[in-house]
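Subject: Structure handover

Hello,

The structure is placed below, and my notes on it follow. Please read them alongside the coordinates.

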Amino acid sequence: MEFEVVIGLEVHVELQTESKLFCSCPNRFISEPNFNTCPVCLGFPGTLPQLNNEAVRQALTASLALNCEIAYFSYFDRKNYFYPDMPKGYQLSQYFEPIGSSGYLNIEDDNGRPKKVRIGRVHMEEDAGKLVHAVGGDASMVDYNRVGVPLVEIVTEPDLRSPGESRRYLEQLKRILQYARVSDCKMEEGSLRCDANISLRPIGNQTLGSKTELKNMNSFKAVEKSLEHEIKRQYDILNRGEEVLSQTLRWEEDKQETIVMRGKLEAHDYRCFIDPELAPLELTVEQVEKARSALPEMAEARAARFINDYGLPEYDAGVLTSSRCLADYFETCLDSYNNPKVVSNWIMGEFSAQLNNVGLEADQCSFRPKELAELLQMIDEGVISGKIAKEVLEKAFQSGKAPRTVVEEEGLLQISDQSELQAIVEKVVNENPDSVEKYRSGTTKVIGFLVGRAMKETGGKANPRLVNELLVKKIEE
Amino acid sequence: MELRKVSIRQAAEAVNSGEVSAHQLIEETLNNCSVLNEGLNIFTHIAGIDALEQAKAIDRKIEKGEKLPLAGLPVAVKDDICYGVLPTSFGSTAFKEFISPYTATAVEKLMDAGAIVIGKTNLDDMSLGSSTASSPFGPTVNPWNTEYTASSAGAAAVATGVCMLVLESDCGGALRQGASHCGVFGLRPTRGRVSRYGLNTYSSSFGQVGITAISGENIIGALEIISGFDGKDASTAVCKDRPTGKNNVPDFEDLRIGCPAAAFDHLEPELREEYEKARQVYADQGLQFIDLDLSLLSEALQAYYVIVLAESSSNHSRFDGIRFGAAEEAGNLEELYCKSRGAILGREGRRRSIFGTLLLRKGNYDLYYRQALRIWNLVRREFTNALTYCDLLMLPAVKTLPRLSAAEPDFLDSWSDDLFCAPVSLSGLPALSLPAGQLQGIPVGLQLVGRPFSEEILVTVADRVVREVKFFPYGNS
């Protein structure tokens, strides 16, 4: 039997606020346990939460960026449960009334066709603490640094149909939230977390099959892999005529397989009710419209502008806007070196290669846009050749030195001195009589070969235009 | 200085002018405290040396020419309100040694005005009750008849003259019933007028900080100091929208008092008779009475308990042996929770957690909790509506005489004691409990309920009527 895959994703992202959601503790990672804590986030008796307005603004921005309808009146609810990661015994979360609902984002399906993925809800909540299990001991310890960090949870409708679509959804979501400057969305660092609900059903069936929930994926790739793994597992079960058990599965990255975390997916009864300590969250039309007009230009719009304003090919525009920081890098570079296509080529080529080597984003490396501009100017000025420039970029990128310093220190200055080059040209002509003869008899394209010889003689430092000129002059003498 | 005979203004003036030093005043008070405490069991902690040190600091300020509105005046704080200098027990043996790293906003404001906290007053276990009968420190004895409880230790403290003001919590009426049983004044302010920050309450919706004193004048003096917007408590935002300046107190002849005659039918005949006499005194003073109907009192009481039980189960879930309270030996987490919570919470705390958990469960939520919220809304509307026909409402403060010290009351009887106070808590309106008469030598009080922020009117009426009649147990100051 043929089956259709049905996937829904629940994504938690940490907002980029200065302080936590309900107190003034810094929202920053720190390794020392329980350092960023105060009586409020530790739930001391008698303390009360204070809502962080900046977190609300960011959650509103995220909701708008994901095309959601905005709840002008919402509130926080208490999700009651007993676990040591929540000092109050409940989590404050927008359970009944999310700030954003009925949104969507656009991706490409597996056949490259545009597809709209519906987003059911975007809601705010506070993060929980972390349990640390003592190595070799039987004790568990709790670190409350993360308690109260503002999160938004973004839940899709069951619209995704393959692991590839799921991955593209996550990439697009990350791009949008980065563009909107509400989260850095680093899954490896936990600022983006994803759980997946997955089920299979016979093609043409409208009712959903029984689903499993996948947890503990630490990268987009892991999400894709775990889904592939789970599809195969469910497929085999269904083909044997058995039933898929509703359960929570944990992805084991080392073994590339899942293990059962919890049996039957019982609906938790969190005994939710509206928190009586916080005031209802009321948004005004002005607030929402202000946030809407402050929405930064998103990737698609920016790519269109790159094509229109800079005359870049569609491919270049797509690559450069794939992350906000790369597009920012490109435009900053243009401020000091106004040749968009050349800048684009260098960013997509050598610069991206260097980034990939070290696994950094464009805004994390010490080779800043003005350094790239400086490098490109040196080529134009004839100070270095394009070939040498690649070497300079690599060295400057790795050492953190300015390109001009690298050129000077490494003696990579281009040779444009006629008398110095004349001797080399004569040497090349004398050593390659056959090629010279060919040229004279009309096969002028061998000049390329001769220029190459001359470049090799100088270790790539010769000014190729000048060498070409001198060679032609010498041969035609 | 006989604290029961002077107003806070007069007492502060005596200290500010150097007629008596804060140190003398406090030393004298502390001596009285220890004597009285032996018989009445008013205090869980007496400040001793800390209070004397603070008194010296106040005297230094006064020597430098500072004038403080509560200079050197002895005040007490109920033991569910955090005061960082002394232990805050919440009425629980589990927290006998707990010193909060913060002080309640209202306490801070009193201290900034020159008041000196001489001790923490007794309360029911986790302040669940309005009798002090379940206190692990033993019940507070009624100063008028030692066979009975005082209901509120703060009221007993004021009645015996060991302090001029007490900050007390009031949820379903503990403060107002205590004032009634001890023959003093107790104010539950408009919701949001006084910050709740630092009050450990089992009910976030109804728990408030109120004031107990010997006169309306003293209450209003203290209210002006402790009220106002506090960034740490969202409910105080109502203070920002409120026009500043004093309430104009209308002429006595223009005031109409709404009196729901049917409410008094709930009372035993002798008690009812006392209230009838009191009502006559008010009428003799020229106040007009209009009859009106508050039909929802019984439903309001039920709704109050449904909401309060639900909130108790959530607010008390942090007392789990991991963050707060001692952990019991256990083989696994669930056992740890069961044993520790069972040990930390007293009988009433366990009862309320269990009931509250049940009430919030799926299925029950709609049947009980949601229904209670609806009734809450109706009650609010009924009170607001009633106050469009009159300026004040008059209600009994108590349904019976206080509990006998030795008796363990049935919990349903205890809950039904709140019949006249809990509905007012639902209304969010200010309510003043004041002496109205006596039965078997024990004072009984009534409540005046006003429109939001009309506390000045309540106390003006109260002081004038009480001055004119013989049932004020302390004579006329």
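**Nonpolar cores**

In the largest nonpolar core, which has 143 residues, Val75(B) and Ile116(B) touch the most other members. A nonpolar core here is a set of buried Ala, Val, Leu, Ile, Met, Phe, Trp, Tyr and Cys residues joined through C-beta atoms within 7 Å. Buried stands for 20 or more other C-beta atoms within 10 Å of the residue's own, exposed for 12 or fewer, and partly exposed for the range in between, with C-beta atoms placed from the backbone. H10(B) gives the most to this core, with 10 residues; helices (H or I, at least four residues) and strands (E, at least two) are DSSP runs numbered from the N terminus.

Beyond its neighbours within four places in sequence, Ile116(B) has contacts that include Ala22(B), Ile26(B), Ile58(B), Leu73(B) and Val75(B). Two residues are in contact if their C-beta atoms, placed from the backbone, lie within 7 Å. Another core lies apart from the largest one and has 100 residues, among them Val13(A), Cys333(A), Ala362(A) and Phe367(A).

**Basis**

This is a predicted model, in which local features need pLDDT of at least 70 and side-chain atom pairs count only at pLDDT 80 or more, while totals for chains, interfaces and linings use all residues. Residues are numbered from 1 along each chain as its sequence is written, and chains are lettered from A and ligands numbered from 1 in the order in which they are written.

**Where the chains meet**

Between the chains, 34 residues of chain B are in contact with 23 residues of chain A. On the chain B side, helix H10 (297-315) and helix H12 (347-360) are the elements that give two or more residues. Ala, Val, Leu, Ile, Met, Phe, Trp, Tyr, Cys and Pro count as nonpolar, Asp, Glu, Lys and Arg as charged, and the others, Gly among them, as polar.

**Chain A**

Chain A has 15 helices and 16 strands. Its assignment gives domain 1 (3-286), domain 2 (297-410) and domain 3 (418-475), with bounds from an automatic or database domain assignment. In chain A, 4 residues of domain 2 are in contact with 4 residues of domain 3. The domain 2 side of that contact has 1 nonpolar, 2 polar and 1 charged residues.

Buried residues make up 40% of the 477 residues in chain A.

Regards
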